[in-house]
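Colleague: I've got a model open on my screen and I'd like to learn how to read it. Could you walk me through it, a feature at a time?

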Amino acid sequence: GHALVRRRVARSFDEGGHTLGLITRWLPADEASGDGALFHAVHDDGDEEDLEEDEAAEAAALLEALGAEARAAAAECARTRLVQPKYENKQLKKGERAEAGHLGVEGARAEIGALEQALLPGLRAAGSRWVAPKARIRVRWLQSLDEAERASELAASLVELEQHLRELQSAADVSERKPWRSDAHEWLGRSVRRFFWLKSEQRWLCTDASVGSWLPAEGSDVALWHVTHDDGDEEDLEEHEVAIALEHYSEGRAEPLPSEAGALKAAAEDEDEDDEAGLGRGGGDDSDDDFLASAPQHRKRRRAAAAAEVEDGRRGGERAPQRAGDWSGAVRGAEVGASWSSRRRLSESGVHRALRSVVAGDERAGATSVLLSASSSSAAAASASSSSSSASGVEDRGQRFTLAAGEGRVHDSWLQVALERGSAVRVVRSQRLQSAWAPACGLRYDGLYRVVRMERAADGSLRFDFRRDGAQPPLPPPRRRPPPLGGAPHA
């Protein structure tokens, strides 16, 4: 060390006044080069400098010579220099500058409110139910928007507003996808074979598909080929994947080549890890394949367990119910009120086996379970803000609900079997369901219901009424007061 290190010092500069500081470290003299010792001083105003030994000794002596008044003046001067001016973005007009209230939940709330205000004249001119005095839809919506504490609650308000706008839409939706081509390529119409590793069963699942369209490469985006599997599933493949899938089919292979088997197994392991962590899945409902399928530059990866479920369905009468959940009624170990963080965990419990479908079951047992969600493979839209819903969706009243079937004749027939037999159907509600009875997060088992009525709507779709069985634990109280079944909404 050195006696001057950690000493307080004072420096005098040409502009007048004094600056106080502290010597923090030193560099001994180098006799070989003739360089003298250096002392590093850090001033109270944030500035720094290196002093020679005689300068450092002089600065220490100057501090000793300063009186109390001069020291106080130097300290005040340092504090003044350290104060940074308040930053102001002068590149934008004041009304366009970002402030604290523009960020987070408060910012999103303000943006949604401003959007609704901008749309209000048009909604009034179109005679929307949104502004109908008796319905009080807008009054309840504004209250929900004001009381929202999380982004998910604000999202629900935004979706509700969008639903009312969609009711007024007369033009067809404009697709944002690039135009897929169904000509000018030799692979179109060809059959391919794909393999998926079933980790739980330690075997390969083989599925055949046909190439229906393709998307040429553009810029950094590689070419894609859209294939439709025999089980109805779809995915987009890159060129090398189509090439090997064509070879698998032409050679009649029952397993992938050893050179690709490792990569396919690793991909299955990665997907399982993502499912466990809940990555990329919007808070628990593992049914976002609609999003992936709608974006041509995202490759839709089929989950192996979903493919196994489809293969089980193919076997029909050959398959005997051996797993929990393959029959109607209660599942051992699954208590009413149990919840899961993802569709995969729900499927593994046996309460609702289907990984994508709203309705689970088969031709023999009929519908065994139903998942009520605002997002599903059938694109059903749920609504809990009024006493009626669109032709495809859910009218949820807790003890009773109506499901407008939209998945196709197969699932309709399963629901009809449940109606004819009077069998109990397990019902699960998702956090994505726009209903007062939806759970705050994840997926919740709400017990056994029975299909009590079926009717055909004006557009030809079927609507199924469900009623909850008695002698079960009660449902959790609704998160907001619902309108009465078949009646006018509450104020």
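Colleague: Let's start with strand S7 (residues 224-229): is it mostly covered or exposed?

Modeller: Mostly covered: five of the six residues in S7 are buried. Buried means under 20% relative accessible area, exposed over 50%, and partly exposed in between, with a 1.4 Å probe and protein chains only. Strands are DSSP runs of E, at least two residues, and helices are runs of H or I, at least four, numbered from the N terminus. Keep in mind that this is a predicted model, where local features need pLDDT of at least 70, side-chain atom pairs count only at pLDDT 80 or more, and totals for chains, interfaces and linings use all residues. Residues are numbered from 1 along each chain as its sequence is written, and side-chain values use heavy atoms, with hydrogens and water left out.

Colleague: Which strands pair with S7?

Modeller: Two strands pair if DSSP finds at least two bridges between them. Strand S6 (residues 203-215) runs antiparallel to S7 with six bridges, and Trp214 has Trp225 as its bridge partner in S7. Strand S8 (residues 234-237) is also antiparallel to S7, through four bridges; there, His226 sits opposite Asp236. The S7-S8 hairpin has four residues between the strands, and Gly232 takes a positive phi near 95°.

Colleague: How do I read a nonpolar core, and which residues touch the most other members of the largest one?

Modeller: A core is a set of buried Ala, Val, Leu, Ile, Met, Phe, Trp, Tyr and Cys residues joined through side-chain atoms within 4.5 Å. The largest one has 23 residues, and Val359, Val370, Leu372, Phe401, Leu403, Leu415 and Phe466 touch the most other members. Elements giving two or more residues to this core include strand S14 (400-404), helix H11 (409-421), strand S16 (443-456) and strand S17 (462-468). A second, separate core of 13 residues includes Leu188, Val192, Trp225 and Leu246.

Colleague: How many cavities does a search of the whole structure find?

Modeller: On a 1 Å grid over the protein atoms alone, a cavity is a set of points where a 1.4 Å probe fits but cannot get out, and lining residues have an atom within 4 Å of a point. Points are joined across faces, edges and corners, and a volume is the space filled by probe spheres set on them. Here there are five cavities of 30 Å³ or more.

Definitions and conventions:
On a 1 Å grid over the protein atoms alone, a cavity is a set of points where a 1.4 Å probe fits but cannot get out, and a pocket is an open set with protein on both sides within 12 Å along at least five of seven lines; lining residues have an atom within 4 Å of a point.
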